[in-house]
There are 4 protein chains.
Amino acid sequence: MSSFGTVFRVTTYGESHCKSVGCIVDGVPPGMDLTEADIQPQLTRRRPGQSKLSTPRNEKDQVHIQSGTELGKTLGTPIGMLVQNEDHRPHDYSETDLYPRPSHADWTYIQKYGVKSASGGGRSSARETIGRVAAGAIAEKVLAKANNVEIVAFVSAIGGVSMDRNPTDPKFQKILNTITREQVDACGPIRCPDEDIKEEMVKVIEHYRDAKDSIGGVVTCVIRNCPIGLGEPVFDKLEAKLAHAMMSLPATKGFEFGSGFYGVQIPGSKHNDPFYYDEENGRLRTKTNNSGGVQGGISNGENIYFSVAFKSAATISQEQPTATYEGKDGVLAARGRHDPSVTPRAVPIVESMAALVLCDQLLLQKAREASASIVA
Amino acid sequence: MSSFGTVFRVTTYGESHCKSVGCIVDGVPPGMDLTEADIQPQLTRRRPGQSKLSTPRNEKDQVHIQSGTELGKTLGTPIGMLVQNEDHRPHDYSETDLYPRPSHADWTYIQKYGVKSASGGGRSSARETIGRVAAGAIAEKVLAKANNVEIVAFVSAIGGVSMDRNPTDPKFQKILNTITREQVDACGPIRCPDEDIKEEMVKVIEHYRDAKDSIGGVVTCVIRNCPIGLGEPVFDKLEAKLAHAMMSLPATKGFEFGSGFYGVQIPGSKHNDPFYYDEENGRLRTKTNNSGGVQGGISNGENIYFSVAFKSAATISQEQPTATYEGKDGVLAARGRHDPSVTPRAVPIVESMAALVLCDQLLLQKAREASASIVA
Amino acid sequence: MSSFGTVFRVTTYGESHCKSVGCIVDGVPPGMDLTEADIQPQLTRRRPGQSKLSTPRNEKDQVHIQSGTELGKTLGTPIGMLVQNEDHRPHDYSETDLYPRPSHADWTYIQKYGVKSASGGGRSSARETIGRVAAGAIAEKVLAKANNVEIVAFVSAIGGVSMDRNPTDPKFQKILNTITREQVDACGPIRCPDEDIKEEMVKVIEHYRDAKDSIGGVVTCVIRNCPIGLGEPVFDKLEAKLAHAMMSLPATKGFEFGSGFYGVQIPGSKHNDPFYYDEENGRLRTKTNNSGGVQGGISNGENIYFSVAFKSAATISQEQPTATYEGKDGVLAARGRHDPSVTPRAVPIVESMAALVLCDQLLLQKAREASASIVA
Amino acid sequence: MSSFGTVFRVTTYGESHCKSVGCIVDGVPPGMDLTEADIQPQLTRRRPGQSKLSTPRNEKDQVHIQSGTELGKTLGTPIGMLVQNEDHRPHDYSETDLYPRPSHADWTYIQKYGVKSASGGGRSSARETIGRVAAGAIAEKVLAKANNVEIVAFVSAIGGVSMDRNPTDPKFQKILNTITREQVDACGPIRCPDEDIKEEMVKVIEHYRDAKDSIGGVVTCVIRNCPIGLGEPVFDKLEAKLAHAMMSLPATKGFEFGSGFYGVQIPGSKHNDPFYYDEENGRLRTKTNNSGGVQGGISNGENIYFSVAFKSAATISQEQPTATYEGKDGVLAARGRHDPSVTPRAVPIVESMAALVLCDQLLLQKAREASASIVA
């Protein structure tokens with residue numbers, strides 16, 4: 001359904017052609033400075049039309065806070081937020097509407113709901129993510145205040161061009177340890193901080209764009225300074241909630257954290273992260289971090305890092321042999337120009353979902369800590 | 001926390017050294033034949049000690065239904081189930097207890113809960129999965145009756161020895177289309193149905209066993225005959241719930257479905273699954289299935305298939321330099337013999353979690369369908 | 001928190017002085033005709049300023065659907081709705097702001113959230129109920145289509161002037177069996193259909209209004225044609241959910257259903273509702289209905305009826321000796337004119353909450369019924 | 001369904017004739033002393049057969065902790081608990097099984113679930129409350145440690161014999177302020193601390209017992225030392241959760257808190273609770289407490305008190321004209337002897353449900369407080 005979270009919870013609404021899209025964020029801590037200026041930057045980073053690598057539509061996507069703040073401070077009550085849809089008229093029906101778009105949600109939405117919206121897959125549009133990003137911006141602010149938590153995502157693969165995500169690779173580790181959003185954005189629209197391959201990535205995208213085709217990619221995200229103890233075993237382990245969050249995003253095909261799929265090849269003697277005493281922090285830490293900052297479903301204070309696979313965009317400009325809703329063979333060609341790769345735009349969305357998970361888990365752990373203190 | 005599901009919901013309890021482990025399954029359909037004989041087989045498949053490839057302990061793991069059935073029929077009320085722990089005395093403290101085991105949950109459990117159980121990571125033990133498997137067996141029975149749903153998992157990789165999981169690979173597709181649990185079990189304890197590599201996998205495990213080490217692997221699972229329309233966008237898309245379920249299992253590092261991480265390299269023109277009219281079923285189907293049976297978060301009737309990465313077991317018999325809880329450097333050696341690979345045993349557990357997700361989503365979709373009929 | 005319901009779920013936002021108030025309704029059946037015209041009537045009935053018995057403010061309260069419909073049909077996606085606040089500027093601070101208003105939420109909100117909104121108790125304003133009423137109108141439409149469900153509430157007591165709510169009273173039974181909303185509204189602003197006492201009720205309210213005081217009352221609600229089988233024991237029995245819903249409304253002090261508090265005096269031999277075979281419906285019915293249409297937490301097809309106690313409005317125009325936030329004794333006098341009785345306005349709000357409960361339970365029961373059919 | 005609570009959550013299982021009844025309690029604070037000795041007393045108070053006023057069966061009802069503790073300390077993991085059913089064989093079918101018992105759940109359970117259990121209404125048996133009481137005992141222990149919270153319930157009415165529950169009545173106030181469980185139990189099986197009426201109550205029960213009939217009553221409960229700030233507006237106001245909890249108990253017909261239904265007659269000028277500065281506590285308190293310790297859905301530190309109406313027991317020994325399941329008129333006479341009033345036995349059950357609500361709300365508020373501190 002359209003709610004996510006237990007004590008810090010977002011509920012979203014809206015599809016492509018309705019009046020507005022938005023969300024209600026419940027459980028926001030009271031007494032926090034909060035205005036649209038805190039929320040707009042990530043919405044702007046999410047916005048299409050920022051370069052020739054992405055779709056040329058230029059939606060304004062200005063967020064309007066409806067409730068839950070007064071004189072720039074949160075009240076502890078739900079934050080309603082909305083972004084107007086610029087064009088909220090369902091479009092005229094045309095020839096292309098005879099076809100369920102291949103690998104889109106047009107056909108499954110009809111199967112599930114029995115109705116067909118002008119936008120085809122209704123809520124499956126990327127526009128639905130606006131509510132998530134707006135809510136995520138609030139979560140991030142809480143996390144930054146809680147422990148100076150930093151969440152930074154970047155493009156780590158486009159098609160077959162990929163960073164080495166082996167957790168022991170020095171370049172990869174350095175990026176995880178130091179990368180900032182400013183640096184990611186400074187990479188240009190490709191949002192890949194690996195200087196050795198980013199130009200190649202751009203060429204891959206341009207190649208598929210020119211071929212009226214599309215290509216997928218991988219977004220990697222690192223969370224630094226995550227408080228220790230987050231995650232609620234056994235079903236709500238931290239990685240399980242992160243996986244849930246990421247796989248709820250449009251176009252995702254996979255999630256891995258820490259050593260990930262690569263890690264199955266590393267024997268236990270090398271995969272295990274030995275403990276050592278860290279004088280600076282006055283506590284145990286691990287020498288390596290194949291665990292990806294989570295052990296037994298609970299954060300251990302090391303960097304949390306994970307990667308999300310995004311498939312090639314389903315909408316392509318070239319003709320596709322397929323069938324109509326009625327089952328008649330035919331050829332579908334999408335109108336207009338389309339994003340050859342949605343992966344770079346997914347960067348702030350991945351960050352937002354990570355923030356929503358962490359903020360909810362942080363509040364839950366605060367309840368656990370307090371309860372332990374009570375009975376000690 | 002320890003509950004999973006919305007209208008078909010399992011709640012589990014138990015850790016390694018308590019009296020029993022078990023679960024309550026709420027929302028079980030009434031009027032269904034159900035006895036222990038329906039549940040024991042998967043518990044037995046889950047049980048350790050079945051071969052020299054796995055840990056030699058031989059727990060009996062007999063399930064006892066406590067409630068919710070009468071004269072072998074379900075009442076629609078919660079099914080309580082339990083399995084006795086054979087040895088439920090917390091063990092004596094010893095030298096090894098001075099060390100948090102690397103890449104185990106010992107240290108994070110203490111950080112989160114502030115207490116240390118004899119078993120170290122408390123609920124992080126694989127024994128916790130008994131309640132999941134018992135509940136999953138009930139879910140499977142419902143699914144089989146609903147649409148003859150078949151859920152079959154198998155080992156697709158051990159260490160670097162891996163089946164080709166490219167969705168267009170003919171051998172892989174054939175396995176997905178035809179594999180049965182009987183065939184998986186007939187493969188021997190390795191549970192890999194690929195004749196070309198299974199012996200090699202066994203050798204890899206034996207190699208690491210002899211080296212007092214461990215190695216990871218991948219479990220792939222296929223769901224056939226899944227009803228169309230399951231999944232609850234936007235946050236509870238079917239793949240999001242499957243990812244949540246799988247990543248809540250001990251030792252998992254990654255989840256992918258359909259084309260997965262490999263799919264990011266396939267251009268949209270090839271990744272898109274074209275529709276055709278299938279006379280036999282009297283409806284649209286897709287010619288290819290890179291989507292993995294889910295589009296827009298909703299099942300489309302094609303095979304659902306996904307893979308789960310399991311890391312190398314953290315408990316190894318060789319000595320590991322690490323630090324004590326107090327931060328003193330030292331060397332830890334686990335007592336006894338240990339599973340060099342937990343991956344084959346994970347097969348029924350993955351199936352069980354898949355069944356729990358599907359059964360809950362099936363009931364939710366039945367509510368949606370009924371509500372649509374009401375207002376039509 | 002601000003969400004209510006499991007599969008048909010409303011989430012509300014907004015307080016007195018923010019930009020808008022509204023809600024998101026998730027789980028609305030697809031394919032249903034729905035426009036603002038379906039929702040506005042109950043919002044208008046809820047609106048203050050309709051007579052000299054209630055507060056003179058005349059807010060417009062026009063609802064605007066933001067999402068989830070297209071060309072006047074629901075899509076099965078969340079319905080976002082909002083109502084602008086006419087005056088959304090936090091008012092200037094003044095002398096009265098030094099005092100937590102007695103029996104308002106001003107002080108407890110500060111204790112809980114640590115912040116003070118201009119409106120005092122933030123979300124405790126009756127304006128918060130707009131989102132509930134908008135959502136309830138959708139639920140009612142589903143229920144009407146499902147089984148011609150009728151939900152009608154009315155004022156049954158004002159101060160000490162009360163209808164006889166003894167379940168065996170013929171006049172009370174007749175009202176429960178036949179009353180319509182049109183008849184309730186035709187009673188005038190007092191909304192009491194008992195001709196014998198309604199004038200007296202008006203006089204009571206006028207008395208307290210003239211005394212710059214306020215007075216409480218009781219709203220009774222009947223649900224006719226409720227489908228059999230609604231309610232989810234053991235914790236979500238139908239009466240438990242109704243009680244939860246009603247006691248979440250501002251100013252409520254009690255809930256009773258069926259024979260209620262009066263029923264404790266009726267011996268079992270008379271309180272028990274004997275069964276008989278009803279030829280017309282082709283099923284068992286009960287001769288009496290002390291049970292109030294619910295047995296064992298599950299609807300039995302008889303009229304569901306319940307009553308909700310509303311306290312005297314806390315805001316009164318006369319001076320009240322009390323203390324400031326800082327603990328200094330003083331006298332508070334509310335500015336302006338105030339509703340001497342909120343009870344009549346609560347009528348559509350009670351109906352709305354009842355509809356929200358029933359619609360959610362209806363969908364859940366549809367899932368149960370479908371699952372029973374599957375395994376039969 | 002069978003779970004209650006958000007972060008401190010109980011899930012129960014079991015009906016009259018299964019192997020055992022019990023529960024899983026999730027979210028229990030770690031590091032707390034806990035053995036069966038903490039839980040048994042309330043189970044024993046709940047047990048039938050303690051006097052000639054109640055049913056003569058003498059079940060042992062010994063609780064067995066299955067998990068979640070080690071060496072007498074909680075681990076923070078779920079506490080599984082069970083109580084064996086002494087006779088868990090479904091009884092032989094007999095003549096009485098032809099009849100749905102009037103005002104029992106026999107008929108509605110069949111309507112909802114489509115199956116008939118030997119015990120008739122399946123989970124509607126009072127035996128189901130064992131899991132609630134066991135869980136409540138843990139909640140109470142947490143609450144006692146948190147703030148020395150005291151929860152005491154007692155019988156305030158039997159049939160027409162009732163204490164004056166007017167909130168301004170001095171005797172009632174004194175009882176609310178001082179009553180202990182020991183005093184309640186010292187009253188004898190009637191559990192009414194009002195010396196002036198308790199003998200009369202006993203006579204009422206004896207009268208109906210001798211007439212092979214039954215009679216209802218009211219249980220009033222007071223919560224002292226409740227922390228300030230509990231309750232989660234707008235839907236999960238503290239009184240809404242208490243109402244939900246109480247109305248989920250078998251045989252309940254009504255819930256009121258603070259001034260309750262009586263309060264609708266008190267004008268605002270008298271109903272409002274004026275503030276004053278309390279030197280002892282160094283904070284504002286209210287001079288009167290018509291609010292019942294909750295304002296705006298949030299506890300204010302004053303005594304929380306509420307009353308729950310219990311109907312006359314539906315099982316009576318005298319013959320009742322009714323109809324069979326098939327609709328044939330006939331006469332039903334229950335076998336054996338039966339409780340003429342379940343009200344006194346409900347006392348510990350009401351306390352337990354109150355504790356479950358408060359403990360969950362306490363943990364939630366700890367999360368709120370922590371989050372407010374973070375962003376301050």
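Predicted model: local features only at pLDDT ≥ 70, side-chain atom pairs only at ≥ 80, totals over all residues.
1. The rule picks up two salt bridges in total across the interface of chain A and chain B. It also finds 54 residue pairs in polar contact there, counting pairs where both residues have pLDDT of 80 or more. As for the make-up of chain A's side of this contact, the residues split into 44 nonpolar, 42 polar and 19 charged.

2. Now the extent of that contact. Chain A puts in 105 residues and chain B puts in 105 residues. Between them, chain A and chain B bury about 7700 Å², with carbon and sulfur atoms accounting for 61% of the area. Lys112(A) turns up again here: along with Phe235(A) and Lys253(A), Lys112(A) is among the residues of chain A that lose the most area to chain B, and the three together make up 12% of what that side buries.

3. There is strand pairing across the A/B interface too. Strand β11 of chain A (residues 252-257) pairs with strand β11 of chain B (residues 252-257) in the antiparallel sense, over three bridges. If you want a place to look, go to Phe255(A), whose bridge partner in β11(B) is Phe255(B). Lys253(A), from the previous point, is one of the three residues that lose the most area on the chain A side.

4. Next, chain B against chain C. Here 21 residues of chain B touch 21 residues of chain C. The buried area comes to about 1800 Å², and 74% of that is on carbon and sulfur atoms.

5. For polar contacts, the count between chain B and chain C is two residue pairs, both residues at pLDDT 80 or more. On chain B's side, the elements that give two or more residues are α3 (129-147) and α9 (343-375). Of these, α9(B) provides the largest share of that side, with eleven residues. Sorted by class, the side of chain B that touches chain C holds 14 nonpolar, four polar and three charged residues.

Key: Residues numbered from 1 in each chain as written. Chains lettered and ligands numbered in written order. Heavy atoms only, no water. Contact = heavy atoms within 4.5 Å. Buried area = accessible area lost by both parts, 1.4 Å probe. Salt bridge = Lys/Arg side-chain N within 4 Å of Asp/Glu carboxyl O. Polar contact = N/O pair within 3.5 Å; in protein donor to acceptor, adjacent residues only side chain to side chain. Nonpolar A, V, L, I, M, F, W, Y, C, P; charged D, E, K, R; others polar. Pairing = 2+ DSSP bridges. Helix = DSSP H or I, 4+ residues; strand = E, 2+ residues; numbered from the N terminus.
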